[in-house]
Structures are given as structure tokens and as C-alpha cells.
Amino acid sequence: MSGMSELKQFNQPLLVEGWYWLLPSHQLKPGQVRAVELSGKQLAVWRSASGKVHVFDAHCPHMGAHLAEGRVMGESLRCFFHNWRFEADGRCSDIPCLKRDGGGIRAQSWPVEEHYGLIWIWPGTQAGPFLPMPPELAAQPLRWQLGNHFIKGCHPNVVMINAIDEHHFQTVHKLPGHILSLTATPQGQHTLHFRNTGTLPRHHWLGRLLGRFYRGPLYYETTYWYGHVGVASFGPDFLHLHVMFALRRTQEGKTEGWAIALTRRHAGPLGWLRDQLALLITRVGARYFALGDTRVFQTIRFDFRNPTPADRSVIAFIRHYEQQTRINWENHDT
Ligand code: FES
Ligand SMILES: [Fe+2]
């Protein structure tokens with residue numbers, strides 16, 4: 001068997017363009033500024049007095065002081081060192097010693113969104129069209145809960161493929177037979193969708209039990225968005241559950257991420273109760289699947305030398321990742 005010759009950027013520190021989480025929203029209060037690193041880039045993330053979040057390159061265009069040492073003043077940010085002031089779009093609006101603005105000088109600012117309890121950056125040439133979401137819930141009112149925060153000892157890509165590594169669902173998670181057989185469908189350059197078309201084994205007690213809850217195959221879908229966001233959807237026909245895994249590579253090459261439970265928003269107090277229950281079950285289910293593999297993630301050195309036919313979904317994901325555009329921090333013009 002031949003190895004995966006396509007692995008050009010899969011194990012690399014530089015990530016592909018996409019929405020990446022930077023901080024949980026609750027960790028950045030109005031008036032605060034924090035330092036965050038993403039894919040080798042140092043950033044300053046700040047929230048203005050009115051609550052809007054902005055992301056700048058960390059180092060001040062005057063002399064390079066870290067802007068996270070600075071102070072938020074209303075809707076602008078002042079560098080600690082010589083007190084230059086920068087507006088939300090990065091424009092330098094005050095150089096105190098010159099008593100004038102900075103002319104064309106600006107701090108580099110990046111597209112940012114706040115959603116699902118997280119602050120997201122788009123580190124590319126143009127902000128991506130959509131934040132990740134479960135396709136089934138597109139254009140629906142949502143409720144979400146930020147679930148567990150985790151660190152894994154490997155590259156995010158290795159964590160990503162776990163959700164579609166069919167074979168390991170048998171060996172690690174003990175799902176019988178061919179319950180899972182995933183079909184991959186790319187949806188544009190940035191999204192890859194996997195849907196289960198496997199059959200429930202009627203000769204197995206678990207297959208018969210599950211058969212009561214599904215008209216067709218067991219409902220399981222995973223959608224990959226951009227670089228390191230995956231949404232897994234599962235559950236019986238009458239209750240579809242959705243969990244988003246938002247990952248990011250740390251400076252040491254590990255994975256730091258959040259699980260976010262999502263559900264369609266139902267109206268009224270009973271609807272609220274139903275939604276809270278769905279979110280709770282989702283978080284418990286996600287935790288079970290996340291814990292099962294922890295040992296592997298601490299010690300694996302991903303080196304895909306001998307792919308087998310059972311790895312076809314993993315190979316589909318690798319090809320999807322490899323064809324995306326790498327982040328190019330330098331080529332951004334605003
Ligand atoms: S380094 Fe920022 S104002 Fe001088
Ligand atoms: Fe797993």
C-alpha cells in the first residue's frame with residue numbers, strides 16, 4: 001500500500017484560512033484587552049466600552065510594543081508605551097507628542113465575529129461567508145451552550161478525523177458491525193459533509209434496539225468547516241443533537257478546543273425546558289466520545305503510512321484540508 005503523499009500541510013503549524021476561535025466571550029469584558037496567539041501570529045483582542053470586539057496585530061506600528069499591554073478607552077485602544085490611540089478599524093487617531101493623528105498609520109485589524117459564546121477571527125484575505133453551523137439548523141433560531149474546554153496532545157487535524165474514523169468506532173467505542181458507513185460530500189471549497197449510510201445489524205441486540213428509533217440508518221453526520229471546526233449530529237429520529245468542536249493549534253503544537261452544544265430554539269417555557277434537556281444530553285454524549293480517545297491523543301505521532309479501505313473517510317478529510325488555502329498573514333489588505 002502506498003502512503004499519503006498528499007500530506008503537505010496536514011501536520012504543519014500554519015493553518016488554512018477559516019474562522020478560528022480566540023477566546024470565550026465571557027473572558028473578555030468591556031474595557032479589557034488580551035493577548036492571544038494563533039498559528040504563530042501574536043494578536044491583541046479587545047472589547048470596547050460599548051461591547052464590540054476587535055482584533056489587532058499585537059505589535060504597535062510605532063515601535064512594536066504589545067498592544068495587549070495597552071488600555072481600552074471607550075471605543076478605542078491606547079498603546080501603553082507612547083500612548084498612541086487606535087480606532088476600531090485600526091486607524092491611528094492620536095499621537096500625543098505630535099498633537100495630531102497618525103495620518104495613514106494603522107494597526108492591522110482582522111475580521112471578527114462573536115457567536116456561540118466564543119470570539120472568532122477570520123485570518124484570511126477576506127472574511128469567510130459563514131460561521132460554522134450544523135447544516136440541519138441553517139437559518140433556524142438556535143440555542144447553544146459552551147461545553148467543555150479541552151487540551152489534546154496532538155495537532156487539531158488528528159482530533160478532527162476522529163469523528164469520521166469509522167474503524168475506531170468499532171475498536172474504541174464498541175459500535176457493532178457496519179452501523180457506521182460514511183459518505184462524503186464536499187459543499188464548496190470550505191465545507192465537507194459526511195452522512196451515515198450504514199445499516200443497523202438486526203442480528204445484534206444493539207442493532208435491534210437502535211432499530212426502534214430509526215426509520216433508516218442510524219443518524220450520524222459530521223460537517224467540517226474551514227480549518228478546525230467540526231459539527232457532529234446524532235440522536236434518534238425524534239431528537240437530533242448537534243455538537244460543534246471548535247479547535248485551535250497551540251504554540252506547542254497541541255490542540256485547544258471547546259465543545260458547543262447546539263439545538264433549534266423552541267418557543268415558550270416548555271420549549272425552553274426541552275432545549276435545555278437537549279443541550280444537556282448533547283454535552284454528556286459529546287463528553288463520552290471525547291473521553292474515549294484521550295489516551296491516543298496524548299501519545300500519537302500522526303504518520304499515515306499504510307492507509308486501508310476502512311480509512312477512506314479519513315483520506316477524504318485529508319484531501320479536503322489539503323486543497324484549502326493556507327493562512328497568509330502578510331497578504332491581508334484593509
Ligand atoms: S510603541 Fe506603541 S505608542 Fe510607541
Ligand atoms: Fe473517538
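Contact means heavy atoms within 4.5 Å, and domain bounds come from an automatic or database domain assignment. The structure is a predicted model, in which local features need pLDDT of at least 70 and side-chain atom pairs count only at pLDDT 80 or more, while totals for chains, interfaces and linings use all residues. Residues are numbered from 1 along each chain as its sequence is written, chains are lettered from A and ligands numbered from 1 in the order in which they are written, and side-chain values use heavy atoms, with hydrogens and water left out.

**View 1. The interface of domain 1 and domain 2.** The protein chain is divided into domain 1 (20-121) and domain 2 (135-322). Taken over C-alpha atoms, their centres are 35 Å apart. In domain 1, 15 residues are in contact with 18 residues of domain 2. The two domains bury about 1300 Å² between them, and carbon and sulfur atoms give 66% of this area. Tyr 20, Trp 21 and Tyr 116 supply 53% of what domain 1 buries against domain 2, more than any other three residues. Buried area here is the accessible area (1.4 Å probe) that two parts lose on being put together, summed over both. Across this interface the rule finds zero salt bridges, a salt bridge being a side-chain nitrogen of Lys or Arg within 4 Å of a carboxyl oxygen of Asp or Glu.

**View 2. The aromatic pair of Trp 122 and Tyr 226.** Rings of Phe, Tyr and Trp (its six-membered ring) pair if their centres lie within 6.5 Å; planes under 30 degrees apart count as stacked, over 60 as edge-to-face and the rest as tilted. The count by this rule is 15 aromatic pairs. Trp 122 and Tyr 226 form an edge-to-face pair, with 5.1 Å centre to centre and 85° between the planes. Trp 122 lies in the loop between strand E11 (118-121) and strand E12 (142-152), and Tyr 226 in the loop between strand E15 (220-225) and strand E16 (229-234), so the pair ties together parts that are 104 residues apart in sequence. Helices (H or I, at least four residues) and strands (E, at least two) are DSSP runs, numbered from the N terminus. Ring pairs link Trp 19, Trp 122, Trp 225 and Tyr 226 into a cluster.

View 3. His 190 is in the loop between strand E13 (182-187) and strand E14 (191-196). This residue is buried, with a relative accessible area of 19%; buried means under 20%, exposed over 50%, and partly exposed in between (1.4 Å probe, protein chains only). Leaving aside neighbours within four places in sequence, His 190 is in contact with Trp 122, Tyr 224, Trp 225, Tyr 226, His 320 and Gln 324. Trp 122 is buried at 2% relative accessible area, and Tyr 226 is buried at 1%.

**View 4. Helix H6 and its cover.** Eight of the eleven residues of helix H6 (residues 312-322) are buried, so the helix is largely enclosed by the rest of the structure. Among the buried residues are Phe 317, His 320 and Tyr 321. Their cover includes helix H1 (156-160), helix H2 (166-171), E13, E14 and E15.

**View 5. Leu 262 in strand E18.** Leu 262 is found in strand E18 (residues 255-264) and is buried, with a relative accessible area of 1%. Not counting residues up to four places away in sequence, Leu 262 touches residues including Tyr 116, Pro 134, Trp 144 and Leu 279.
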